Amino acid sequence: MIDLRVVPFLNRRCAALRRAVAVYCAVNAFSAFSALVVFAGSLIWPGVGHAESEAAIDQEPPVYSSTLRADYPRVPLWGDTHLHTRLSQDAYAFGVTLEAEQAYRFAKGDVIKATHGQSARLARPLDFLVIADHANGMGSMAALEAGNPALMKSPMLREWKKLLEAGGARAGLQISEEGRMKGWPDELNDRSILSSAWTEVIDAAERHNAPGAFTAFIGYEWTSWPGGSNLHRVVVYRDGADRVRRTLPFSSFESDDPEDLWSYLASYEEKTGGQVLAIPHNGNLSNGLLFAVEDRKGNPIDADYAKRRARWEPITEATQIKGDGEAHPFLSPNDEFANYETWDVGNFAGVPKTNEMLEFEYVRGALKNGVKLYGELGANPFKFGLIGSTDSHTALATADEDNFFGKHSAGMEPSATRSRRPVGKAGEFITLGWQQAASGYAAVWAKGNTRESIWDAMARREVYATTGPRMTLRFFGGWSFKSEDKEAGDLAGVGYAKGVPMGADLPANPNSSGGSAPRFLIAAQRDPIGANLDRIQVVKGWADAQGQTQERVYDVAWSNTKKRKIDRKGRLTPVGNTVDARKAAWTNAIGATELVTMWKDPDFEAGVAAFYYVRVLEIPTPRWTDYDAKVFGGYVPDEVISVVNQERAYSSPIWYTP
């Protein structure tokens, strides 16, 4: 007698048997016997052969792949959003011979001959690149040297042609200074020359864009400098040639007012259905204009201006060759690391800097004024994420201290003497080569290496800046993180599940009484081929009840915690220094390979708007001037002998709004 309890079991297996017999019989003469063997085995071992239930076959199988169950960015992508080639009038005048073709190949890891013959290669390829040649006079210098009749109408351009034919550093310095001081001749705004150069830019990006492997963005630089004060923006398109070909770059020949640039960007999106953003850079050369609280006409910023700026400029360049722009010691006297690669003499025209200008030039000052303006206007014009990029005019995107090819090709490529040569001249001010910073790169948390994915990450501000090293940095904010979360195997999964990433706004506090302080989950790993980490810091900024902006820097995680303590003045014991400057060498005998923490704001006030961002410091390492001296037998300038070089990363902020 058959036990009725097994009938459903047999019925399920009989269905499986019928399917198995049919399949096996169609294959070979022994298949019926094989099917019976499989069936018999399935009765004894239910997991054998084709023994799934009909229900299991009909149902969608569970998702096993963790990358599908948790769909968030897993690795940072590295790039440079600010590189110039010979199409830029100043790069050409300084003698650079490399075109977009060489720039892309170099970024992808190829060996390239620099303008003056040295071979160059990146230690690791980049993931993406924006070639951002100046819209002003794009392609014009080659046309001028060739004697283009439209350009030869200008007496100034005829003199420049002679300088170009003579070549050398003097040509670049003189042309660049005269253009800034006297104004760029209107003849350089020749639409036929610009159109031809723009086609070259687009075609090169399309040739080298390889979704999934390497992203080549279409972009350019809008170069506004009223009175010599830098208001430059890099314009980056999300789109390909089909949309971008319908327009020409907007230059300061049309307008030097950023609001007109934003109107142009809006018009582009409306006409093409595409998407575009702009990236401000070099506030330290703006003499207080880049992050001013007035518009170009001198009127106080209103809510409409604030919303438009935040819409079109979601990220900003915090570090590059022309100095670091995160913080300044005058503005942050209690921050021992604020004076890093500082440029603060004047603007492009040599107009001297005053201390009153500094607040409106550095990103920390802008972020503080942003939360203050939000309280007044209900909108924050300076709600931006942070990236780094090179602004190299050599077509080589190099930001490593031991592989730095300088600002431009007129005496600034590696040599025994470049540290003492003039890299630029502005009025009475001469900038010497040693003042260049080997900086920086942009890190982007994107789900894939495509234009769309990387651009979207920029737009949502899930990005961070480094001065060159490829440190991995995670930063999440929320209300329910616990200390044990920092030990999670999938720390990022916990971060996204319980909080928001860098660049975002903290959600409303679920505690209606407002009694709980925000908590932050932070993790940093050293560059795999770089230096160990010294510490993680959180920088907080806010506006007090009197409307005065405030800041505080917290040391929240550091290496060698048994020996290093925070003293009564709030200073952490230094990490130490293993650098042998004469040998351009260091060791990782100090520092940590990774630092992870969960930090709760001890000074939180529920009614006060604030921002938080992370700064990660490496242990001291040699500067590029040390590598020059080692390789070429030169010497390190006296001004940098005592400098302790600690490279760093800056996360995008997380904002708290009551």
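Predicted model: local features only at pLDDT ≥ 70, side-chain atom pairs only at ≥ 80, totals over all residues.
1. Residues are numbered from 1 along each chain as its sequence is written, and side-chain values use heavy atoms, with hydrogens and water left out.

2. Let's begin with α12. This helix covers residues 258-272, 15 residues in total, and spans 21 Å from first C-alpha to last, close to the 21 Å expected at 1.5 Å a residue. The expected span is 1.5 Å times one less than the number of residues. Helices here are DSSP runs of H or I with at least four residues, strands are runs of E with at least two, and both are numbered from the N terminus.

3. Now its two ends. After the helix comes Gly273, with a positive phi near 75°.

4. Which residues of α12 are buried? They are Pro258, Glu259, Leu261, Trp262, Tyr264, Leu265, Tyr268, Glu269 and Thr272. Buried means under 20% relative accessible area, exposed over 50%, and partly exposed in between (1.4 Å probe, protein chains only). Their cover includes β6 (219-222), β7 (233-237), α11 (241-244), β8 (276-280) and α13 (303-312).

5. Take α13 next. Its axis comes within 10 Å of the α12 axis, and the two cross at roughly 60°, which makes α12 oblique to α13. Axes are lines fitted to C-alpha atoms, for helices over the stretch in contact, and angles run from 0 to 180 degrees between N-to-C directions. Angles under 35 degrees count as roughly parallel, over 145 as roughly antiparallel, 65 to 115 as roughly perpendicular and the rest as oblique. On the α12 side, Glu259, Trp262, Ser263, Leu265, Ala266 and Glu269 meet Tyr305, Arg308, Arg309, Arg311 and Trp312 of α13.

6. Another pair worth a look is α6 (residues 100-107) and α10 (residues 191-208), packed at about 30° with axes 10 Å apart. The two are therefore roughly parallel. Ala100, Glu101, Tyr104 and Arg105 of α6 make the contact (heavy atoms within 4.5 Å) with Ala204, Ala205, Arg207 and His208 of α10.

7. Finally, Thr625 sits in helix α18 (residues 624-632). Is Thr625 buried or exposed? Thr625 is buried, at a relative accessible area of 3%. Neighbours within four places in sequence aside, Thr625 is in contact with Ser419, Trp434, Val636, Pro637 and Val640.
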